[in-house]
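Student: I would like to learn how to read cavities and salt bridges in a model. Please take them in turn.

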Amino acid sequence: MSTDMDRQQLADFLRRSRERLRPGDVGLASGPRRRTPGLRREEVSQLAGMSADYYMRLEQARSPQPSTQMLGALARALRLTEDERDHLYLLAGHRPPAGRFAGNHIRPGLLYLLDRLEETPAQILSDLGDLLAQNALAEALLGCVCTVREEDRNIVLRWFTQPFIREAFPPEERDQISRMHVADLRAAVARRNHDAASTELVERIRAASDEFAKLWDLHEVAVRRKSRMRVQHPSLGPVELECESLLTPAEDQRLLVFTPPPGTDAIDYLGLLRVVGPEITHRHHAHQ
């Protein structure tokens, strides 16, 4: 994806990044005479593998739009941090490359926050829908996955391959939930540039579900940020909740929080759920 480049700001950022470096930072000899601080333009162009003339035009704000390959080489030559590299891409009118993935590792601070959300059901999901962790109230509301193998804890996979999962949701809303799951997964697969993990997951669900395959072929895309859902609890009956998706510092993890909509009795329902939680959890556990 490319947009308009900001030539003036790009030129300024390149110049200042170059001036902050010392020859020794990049393995060059200092030499006796340097009239200006930092590296020379021709040194940066040499390190980045581009012509000195092109690099000079970049710093003079009169160059054509550089390619992402060229930006990557410049970021390495100027020893930019990830945040600085992303800034460079954006100034040049390109989408930054995907950041580092956390995988299944959850930051301790995020786990601490999850445990402190005692009055609100919450889950930590990967961008592909792998359920990485949930608090006690989410387990009481949506069921325990303790007996499920780790590789089978994907909420999209479970939705399309285990019919009893849908029993907790009103029949008239299940088609919409199916489409939501697929559209959100589509967006994640594109963000990952069809990497091995996302491709394997899609192929696995396609092979197991004709419904998923048909929805996937519609190519609908919608990132799940906020939605409203109704859950049918086996003992307490139906409850309507807002579902808020909060992004974490990692590209591939998010915190899903289920909150009571203002002006509803859902907050009382969640209070009851805290009381009966353990009993219900066992029932879900036995169900699986």
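This is a predicted model: local features need pLDDT of at least 70, side-chain atom pairs count only at pLDDT 80 or more; totals for chains, interfaces and linings use all residues.

Student: How many cavities of 30 Å³ or more does the structure hold?

Tutor: Rolling a probe the size of a water molecule over the atoms shows where empty space is left. A cavity is a set of points, on a 1 Å grid over the protein atoms alone, where a 1.4 Å probe fits but cannot get out; lining residues have an atom within 4 Å of a point. A volume is the space filled by probe spheres set on the points, which are joined across faces, edges and corners. There are two cavities of 30 Å³ or more.

Student: Which residues line the largest cavity?

Tutor: Among them are Leu125, Asp127, His181, Asp184, Arg224 and Arg254. Helix H9 (174–191) is one of the elements giving two or more residues to this lining, and H9 gives the most, with three. Helices (H or I, at least four residues) and strands (E, at least two) are DSSP runs numbered from the N terminus. By class, the lining has six nonpolar, two polar and four charged residues. Here Ala, Val, Leu, Ile, Met, Phe, Trp, Tyr, Cys and Pro are nonpolar, Asp, Glu, Lys and Arg charged, and the others, Gly among them, polar.

Student: What lines the second largest cavity?

Tutor: Ala98, Phe101, Asp127, Arg191, Arg192 and Glu251 do. Two are nonpolar, none polar and four charged.

Student: How many salt bridges are there?

Tutor: A salt bridge is a side-chain nitrogen of Lys or Arg within 4 Å of a carboxyl oxygen of Asp or Glu. The count comes to 21. One of them joins Arg206 and Asp217, 2.9 Å from N to O. Arg206 lies in helix H10 (residues 196–208) and Asp217 in helix H11 (residues 210–217), so the pair ties together parts eleven residues apart in sequence.

Student: Are Arg206 and Asp217 buried, partly exposed or exposed?

Tutor: Buried means under 20% relative accessible area, exposed over 50%, and partly exposed in between (1.4 Å probe, protein chains only). Arg206 is partly exposed at 31%, while Asp217 is exposed at 51%.

Definitions and conventions:
Residues are numbered from 1 along each chain as its sequence is written. Side-chain values use heavy atoms; hydrogens and water are left out. On a 1 Å grid over the protein atoms alone, a cavity is a set of points where a 1.4 Å probe fits but cannot get out, and a pocket is an open set with protein on both sides within 12 Å along at least five of seven lines; lining residues have an atom within 4 Å of a point.
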